[in-house]
Amino acid sequence: MADPSSTVARAGFPVSRQVLADHVYEALLEWLMDGRLEPGAAVSIDGMARELDVSPTPVREALARLEHTGMVRRVALKGYRVAPVFTREDFAELMEARLSIEPVNARLACSRMTPDGLDALKQAVEDLKTAPRGGTFAEYRSYLEADERFHQLIAAQANNQFLLAAYNTLGGQIQRFRLFGGVGITDAEQAIAEHQAVLDAMTSGDSEKAAAMMVDHVEKVRGRAMADAPED
C-alpha cells in the first residue's frame, strides 16, 4: 500500500488549510478502510499529526468529518476511537432505513429529474463500469465514489429537503457498512447491472419502475453483504 503520509507532503509551496484537511481525511479514511486502524483502537490526534507530518488541526478536522460517517466515535474525556464493525443487527437496520427512503427518492427524482441531473446520473454509471475494483481502498476508491455519487444524485434530484437530509444521515454510514463484509468490492458486475436498471427506468420516465428497481438493488445489496459477512 502506498504510504498515505505522502498524500499530505508539501512540495515547497503553500497548501491551503482546507486542501490539507482534505488530504488528511483521505489518508485516515484509507487507513480505516484497509484495517490499519482497527475497530475499537484509540486514535491519537497528536500521534496522527506526527505520522502525517502536519499540525493537529487538520487531523482534528478530519476526525470530526469521519465521526459523521460513523467510522470513528468521540468519547468524552478520552478522544476518538475507531468504531466497531457493524453487527448483523446494525446492518439490517441500515438496510431497512435505506429501503424506506431510497425508493421514494427514486420515484420522485424520476418525475423531477433535470436534463443535467440525468446526464450526471449516466456519467456515474459509466464511471462505475470503468473504475478499478482491487482489494485495497486505494484501488476501489473510485468505484465507491461513483456508487455514492449515483445515490446522492438521486436523493438531490428528488428535490425534497427533508428526504435529502434523511438520506444524508444514512449516507454517512455507507463507508462504515463497506467494512461489514470485510472483503472490499466483490459484487461489481451485479451492482452495475442494478444501477443500470434504475437509470433505464429514470431515462424512460417510469417512476414506479424506478422505485421498484431501487428496491431490487438495495435488497440484493443486503443479501450479498449478509452472505459475505462473518458471523458476529
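A residue is called buried when its relative accessible area is under 20%. By that cut-off, 43% of the 232 residues of the protein chain count as buried, and it should be kept in mind throughout that the model is predicted.

**Overall layout**

The protein chain contains ten helices and three strands, which follow one another along the sequence in the pattern α-β-α-α-β-β-α-α-α-α-α-α-α. Among the contacts in the protein chain with a separation of 6 or more, 75% are accounted for by residues 24 or more positions apart.

**The sheet**

Strands of a sheet pair through backbone hydrogen bonds, in either a parallel or an antiparallel sense. Here the three strands form an open sheet in the order 1-3-2, with antiparallel pairing; strand 1 and strand 2 are the edge strands, each pairing on one side only. Strand 1, which covers residues 42-43, is joined to strand 3, residues 79-82, over two bridges, and within this pair valine 43 stands opposite tyrosine 80 of strand 3. Strand 2, made of residues 72-75, pairs with strand 3 over four bridges, again in the antiparallel sense.

**Helix packing**

Two packed helices are described by the angle between their axes and the distance between the axes. The table gives these values for two helix pairs.

| Helix pair | Angle between axes | Distance between axes |
|---|---|---|
| Helix 4 (residues 88-112) and helix 6 (residues 137-157) | about 65° | 7 Å |
| Helix 2 (residues 45-52) and helix 3 | roughly 115° | within 8 Å |

The crossing of helix 4 and helix 6 is left-handed. On the side of helix 4 the contact is made by Arg98, Glu102, Asn105, Ala106, Ala109 and Arg112, and on the side of helix 6 by His151, Ile154, Ala155 and Gln157. Sorted by class, the contact of helix 4 with helix 6 has four nonpolar, three polar and three charged residues.

The crossing of helix 2 and helix 3, in turn, is right-handed. In this pair, Ile45, Asp46, Met48 and Ala49 of helix 2 meet Pro56, Val59, Arg60 and Leu63 of helix 3, and the residues of the contact divide into six nonpolar, no polar and two charged.

**Threonine 69**

Is threonine 69 buried or exposed? This residue belongs to helix 3, which spans residues 56-69, and threonine 69 counts as buried because its relative accessibility is 5%, where the cut-off is under 20%. The side chain of threonine 69 also reaches the backbone nitrogen of methionine 71, at 3.2 Å.

Terms used: Residues numbered from 1 in each chain as written. Predicted model: local features only at pLDDT ≥ 70, side-chain atom pairs only at ≥ 80, totals over all residues. Heavy atoms only, no water. Buried < 20%, exposed > 50% of the residue type's maximum accessible area, 1.4 Å probe, protein only. Polar contact = N/O pair within 3.5 Å; in protein donor to acceptor, adjacent residues only side chain to side chain. Pairing = 2+ DSSP bridges. Axes fitted to C-alpha atoms, helices over the stretch in contact; angles between N-to-C directions. Left-handed = near helix turned anticlockwise from the far one by under 90°. Contact = heavy atoms within 4.5 Å. Nonpolar A, V, L, I, M, F, W, Y, C, P; charged D, E, K, R; others polar.
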